[in-house]
Amino acid sequence: EYASVITIFTLMMLMNAFNMVDGVDGLAGMLAIVSLMSVCALSVLHSVGEVIGIAVCLVASILGFLFLNYPYKSRPFCVYLGEFGVTSIGLVAACLVIYTTQSAEHPVYPVVALWILGVPLLDAISTVLRRLRNGANPFRADRQHLHHLLLRLGFSNRQVVITEGALSLMIASAAIG
């Protein structure tokens with residue numbers, strides 16, 4: 001059945017997308033918070049109550065992590081999310097979005113998921129396509145992600161997090177509205 005293959009591919013793609021945006025302190029957490037709060041809003045609007053508790057718990061844990069570990073002045077992060085943390089967040093966010101768009105009643109159109117996870121997806125897809133176009137290995141790391149480009153333009157880490165978070169919020173709000 002093709003649905004299972006597509007679902008597995010989607011889960012892996014979204015896990016990788018969150019892993020790819022984890023290049024600036026707090027960025028993956030901020031984008032996950034926006035995505036998860038958007039899932040909460042959709043769940044409330046379309047009565048998919050099973051999702052709300054999981055999303056709120058994950059948002060609360062990410063907020064706690066960011067509050068306790070976000071660099072203040074010259075203090076670096078105390079604890080990093082790491083590969084497992086960021087891919088776990090991507091997996092849960094992907095599962096919640098898939099459940100919300102593919103539940104028995106199908107209350108939310110699947111295309112909305114693309115908007116809710118817009119910034120991580122756009123960054124991952126554009127990165128892979130650019131690497132392929134340039135003849136590079138699509139799985140080999142480089143410094144061409146959106147956050148790297150913003151850093152080269154002179155944005156601070158905090159400005160990158162705020163900019164990409166605001167962009168993600170605008171895109172997700174357009175999907176919900």
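Biologist: Which exposed residues sit on the face of H3 turned away from its buried side?

Modeller: Keep in mind that this is a predicted model. The buried residues of H3 include Val51, Leu58, Ile62 and Phe65. They cover an arc of only 125° around the axis, so they lie on the same side of H3. Turned away from that buried side is a face with the exposed residues Cys57, Phe67 and Leu68.

Biologist: And what do the buried residues of H3 pack against?

Modeller: Among those buried residues are Ala55, Val59, Leu66 and Asn69. Their packing partners are helix H2 (27-45) and helix H4 (82-102).

Biologist: How far apart are the end C-alpha atoms of helix H3?

Modeller: Helix H3 takes in residues 49-69, which is 21 residues. At 1.5 Å a residue it should span 30 Å. The model agrees with that, because the end C-alpha atoms are apart by 31 Å.

Biologist: Which residues is Gln144 in contact with, leaving aside its neighbours within four places in sequence?

Modeller: Gln144 lies in the loop between helix H6 (118-133) and helix H7 (146-152). Thr127 is 17 residues away in sequence, yet 7.1 Å away C-alpha to C-alpha. Gln144 is partly exposed, at 34% relative accessible area. Beyond those sequence neighbours, its contacts are Arg130, Leu149 and Arg152.

How values were computed
Residues are numbered from 1 along each chain as its sequence is written. This is a predicted model: local features need pLDDT of at least 70, side-chain atom pairs count only at pLDDT 80 or more; totals for chains, interfaces and linings use all residues. Side-chain values use heavy atoms; hydrogens and water are left out. Helices (H or I, at least four residues) and strands (E, at least two) are DSSP runs, numbered from the N terminus. The expected span of a helix is 1.5 Å times one less than its number of residues. Buried means under 20% relative accessible area, exposed over 50%, partly exposed in between (1.4 Å probe, protein chains only). The arc is that of the directions from the helix axis to the C-beta atoms. Contact means heavy atoms within 4.5 Å.
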